[in-house]
Each structure stands twice: as C-alpha cells, then as structure tokens.
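Subject: Structure handover

Hello,

Here is the structure for you to look at. Please open it first, then read my notes beside it.

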Amino acid sequence: MKNAKRLGLDAADISTVMLKEHTPVYLNRVNRLIDEIGIPIAMASAYPDFTHPDALQRERELEYLRRDIAMCSELRLQYVRVLAGQAHLETSREEGIRWAVEMLRRAAVTAAKFGVTLVYENHFKPTAWEYADFSFPIDIFLEIALKIKGSGVKLNFDTGNVTALGLDPIPILKKIYPDVATVHISDMAELGKFAPVVIGTGVTPNKEILAYLKQQGFNGLVCIEEASGTGYDGIRKAVEFVRSAWEEAL
C-alpha cells in the first residue's frame with residue numbers, strides 16, 4: 001500500500017492471504033492503517049477451489065470464500081477476485097464447469113448482501129494451489145463466463161495469461177468486454193509460455209489493449225500485476241509504461 005501511494009496510484013490490489021485474521025481488533029487496525037496511508041484497497045484475490053472432486057470440500061471452499069467476502073466488506077473493498085478452481089485430475093471438463101458455475105452463483109448472493117462485486121479471472125496458477133487453474137484454457141473460461149452472466153459476477157481480464165496460451169488477447173477481450181469490470185495488465189516474455197517479465201518489455205500487446213479500453217470509455221479498475229520478480233523497480237517501470245500507454249492512446 002505504501003508503494004502504491006508512493007507511485008501515485010489510486011488504490012491497491014492485494015491477496016487475501018495478506019490478511020492474517022478476521023478478528024475485530026485486527027480488522028480495525030487494518031482499517032486505521034488504510035486511513036493513515038491514505039490509499040484504499042480496491043480489490044483482493046481469493047482462491048476458491050470450486051472444481052474439487054469432493055462435494056463436501058466444495059462446500060468448505062464456498063464457506064471460506066464467504067468469510068473472505070465479509071472480511072473484505074469490512075475493509076471497504078469494492079471487488080473480490082475469484083477463480084474457478086484447480087485442474088484436479090479426477091474432475092472432468094463438464095463436471096468442473098458445472099460445479100464452478102453453481103458455486104460462483106451461490107457466492108454472488110453473499111457478495112451482493114455485503115456490497116462487494118466478485119470478478120472471475122482467466123487465471124494461470126496461484127502459489128496457494130497444487131495444480132493450474134481449471135479454467136486457464138480460454139475455451140473453459142469463456143464457457144463459465146457465459147454461464148454466470150446475469151449472476152452479478154463480473155470478469156477480471158488478465159492480459160498476459162492469454163498470451164501465455166499462445167493467443168491474441170484483443171479478440172477475446174472484445175468478446176467479453178461488456179462483463180469486464182477490472183483488468184490485470186501483465187506481460188509475458190514469449191507467446192505460448194507462462195514467463196512473466198517487466199510490463200512493457202514482453203510480447204503481450206498491452207499498448208493496444210489499453211488503447212481499446214480507452215476507446216470504449218472503460219472506467220473500471222486497471223490493475224498492474226507485476227510478476228517479474230524485480231521488486232519495486234519493476235513495479236515503477238510497469239506504472240510508467242501503463243501511464244504512458246494510456247496517455248498516448250487515441
């Protein structure tokens with residue numbers, strides 16, 4: 001958060017694993033820290049595993065997410081980023097899609113109660129998981145996105161994750177744009193490989209993506225997902241690139 005403030009950003013995007021407790025004393029302390037730093041947390045990522053082959057575990061995952069939603073609401077977050085689940089070897093394509101859609105729709109009811117918007121992402125693999133994301137393949141992501149339409153769950157579009165599949169992100173973004181509430185700008189070293197680099201130095205067409213968003217009048221969150229492992233310097237360079245690309249876009 002302090003780095004986000006230092007770089008002049010509007011808000012911070014965090015992971016729920018950074019929130020150590022859900023006790024009143026702890027959450028009050030975090031809220032005071034947010035106020036002291038003077039920059040809000042706009043979004044936090046959660047890691048529900050809705051494609052787990054065990055039905056009881058899927059129910060546990062829903063309860064874990066509900067707690068995250070309530071906690072994020074208390075911290076005044078607008079968005080909670082969610083995933084479909086892991087690509088468990090025992091889970092078929094049809095089962096995984098059905099379970100993910102069902103659970104995301106149920107979670108949306110809780111989110112609406114607490115005034116939080118869930119955003120479903122085309123993700124690769126969080127460190128919290130053993131397997132890659134079940135809906136990393138773009139055809140699965142698009143099918144789930146279509147089936148949760150109207151549920152209140154919106155989309156978080158990650159630009160670099162599409163490049164990692166060897167695909168052009170722009171046609172996919174255009175297809176789902178009406179449901180996109182937030183965008184993660186990330187960058188990959190080469191087409192068809194998950195190899196994050198400093199944003200602006202890889203092959204992901206982020207300049208063109210930002211230009212498209214600006215042309216459409218996009219007013220949601222544009223988040224910088226700096227995953228190159230180069231620390232603050234990489235974040236600073238990413239911020240400079242995104243700002244410049246946005247300002248130069250026609």
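Below are the notes on charged pairs, aromatic rings and one backbone angle.

This is a predicted model, so local features need pLDDT of at least 70 and side-chain atom pairs count only at pLDDT 80 or more, while totals for chains, interfaces and linings use all residues. Residues are numbered from 1 along each chain as its sequence is written, and side-chain values use heavy atoms, with hydrogens and water left out.

Salt bridges

How many salt bridges does the structure hold? There are 12. The term means a side-chain nitrogen of Lys or Arg within 4 Å of a carboxyl oxygen of Asp or Glu. Helices (H or I, at least four residues) and strands (E, at least two) are DSSP runs, numbered from the N terminus.

Start with R106 and E59. They form a salt bridge, and their closest N and O atoms are 2.9 Å apart. This pair links distant parts of the chain: R106 is in helix α4 (residues 93-113) and E59 is in helix α3 (residues 55-74), 47 residues apart. R106 is partly exposed, at 28% relative accessibility. E59 is partly exposed too, with a relative accessible area of 28%. For these labels, buried means under 20% relative accessible area, exposed means over 50%, and partly exposed is in between (1.4 Å probe, protein chains only).

Next, K147 and E143. Their closest N and O atoms are 3.1 Å apart in a salt bridge. Both sit in helix α5 (residues 138-147), and because they are four residues apart, about one helical turn separates them. K147 is partly exposed at 41%. E143 is partly exposed at 25%.

Then D179 and K149. This salt bridge has its closest N and O atoms 2.4 Å apart. It links distant parts of the chain, 30 residues apart: D179 is in the loop between α7 (169-176) and β6 (180-185), and K149 is in the loop between α5 and β5 (154-158). D179 is buried, with a relative accessible area of 17%. K149 is partly exposed at 45%.

Aromatic rings

A pair of aromatic rings is described by the distance of the centres and the angle of the planes. Rings of Phe, Tyr and Trp (its six-membered ring) pair if their centres lie within 6.5 Å; planes under 30 degrees apart are stacked, over 60 edge-to-face, and the rest tilted. The count here is five aromatic pairs.

Y120 and F141 form a tilted pair, 4.9 Å centre to centre with 35° between the planes. Y120 is in strand β4 (residues 117-121) and F141 is in helix α5, 21 residues apart. Both Y120 and F141 are buried.

F124 and F194 are stacked, at 4.1 Å centre to centre and 25° between the planes. F124 lies in the loop between β4 and α5, and F194 in the loop between β6 and α8 (206-215), 70 residues apart. F124 is partly exposed at 23%. F194 is partly exposed at 35%. F124, F136 and F194 form one aromatic cluster.

Charges over rings

Here NZ of Lys or CZ of Arg must be within 6 Å of the ring centre and within 35 degrees of the ring normal. R6 lies over the face of Y232, 4.2 Å from the ring centre. The charged end of R58 sits over the ring of W99, 3.7 Å from its centre.

One backbone angle

Which residue other than glycine has a positive phi near 70°? That is R76. R76 is in the loop between α3 and β3 (79-82). R76 is partly exposed at 47%.

Best wishes
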